[in-house]
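Colleague: Before I rely on the assignments in this model, I should like to hear the reasoning behind them. Could you show the structure and take my questions in turn?

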Amino acid sequence: MAQKPQDYHLTETPAEPSAEPGCPDCLFLSVTRENARSRGDHSDVSDANVALRRHRAEVHAA
């Protein structure tokens, strides 16, 4: 794996996935993410983003 330069810093966070309109699973994951954000639980926010990305790729991929 290539190493990043020592002075490498991530300046922008990746865009969060959005819910597919009309999908109850997407809605559930989005609400879960927002609830975690309201608690200040950044780990659960990240987990919900991963789950939503995976769900979108498996269910809504064209």
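Predicted model: local features only at pLDDT ≥ 70, side-chain atom pairs only at ≥ 80, totals over all residues.

Modeller: The protein has two helices and zero strands.

Colleague: Why is Ser-30 called buried?

Modeller: Buried means under 20% relative accessible area. Ser-30 has a relative accessible area of 12%, and therefore counts as buried. Ser-30 belongs to helix α1, which comprises residues 24-39. Leaving aside residues up to four places away in sequence, Ser-30 touches Ala-19 and Leu-52.

Colleague: How do you know that the length of helix α2 agrees with its number of residues?

Modeller: Helix α2 covers residues 42-59, which is 18 residues. At 1.5 Å a residue these should span 26 Å, and the end C-alpha atoms are 25 Å apart, so the two values agree.

Colleague: Which residues of α2 are buried, and what makes you place them on the same side of α2?

Modeller: The buried residues in α2 are Val-45, Ala-48, Asn-49, Leu-52 and His-55. They lie on the same side of α2 because they cover an arc of only 130 degrees around the axis. In general, an α-helix has 3.6 residues a turn, so residues three or four places apart point the same way. The cover over the buried residues of α2 includes α1. On the face turned away from the buried side of α2 are the exposed residues Ala-57 and Glu-58.

Colleague: What makes Cys-23 and Cys-26 count as buried or exposed?

Modeller: The cut-off for buried is again under 20%. Cys-23 has 11% relative accessibility and therefore counts as buried. Cys-26, at 0% relative accessibility, also counts as buried.

Colleague: How much of the protein is buried, and how much of its accessible surface belongs to carbon and sulfur atoms?

Modeller: Of the 62 residues in the protein, 19% are buried. The accessible surface comes to about 5,100 Å², with 53% belonging to carbon and sulfur atoms. As for contacts with a separation of 6 or more, residues 24 or more positions apart account for 56% of them.

How values were computed
Residues numbered from 1 in each chain as written. Heavy atoms only, no water. Helix = DSSP H or I, 4+ residues; strand = E, 2+ residues; numbered from the N terminus. Buried < 20%, exposed > 50% of the residue type's maximum accessible area, 1.4 Å probe, protein only. Contact = heavy atoms within 4.5 Å. Areas by Shrake-Rupley, 256 points an atom, 1.4 Å probe, with all protein chains shown as cover. Expected span 1.5 Å × (residues − 1). Arc of directions from axis to C-beta.
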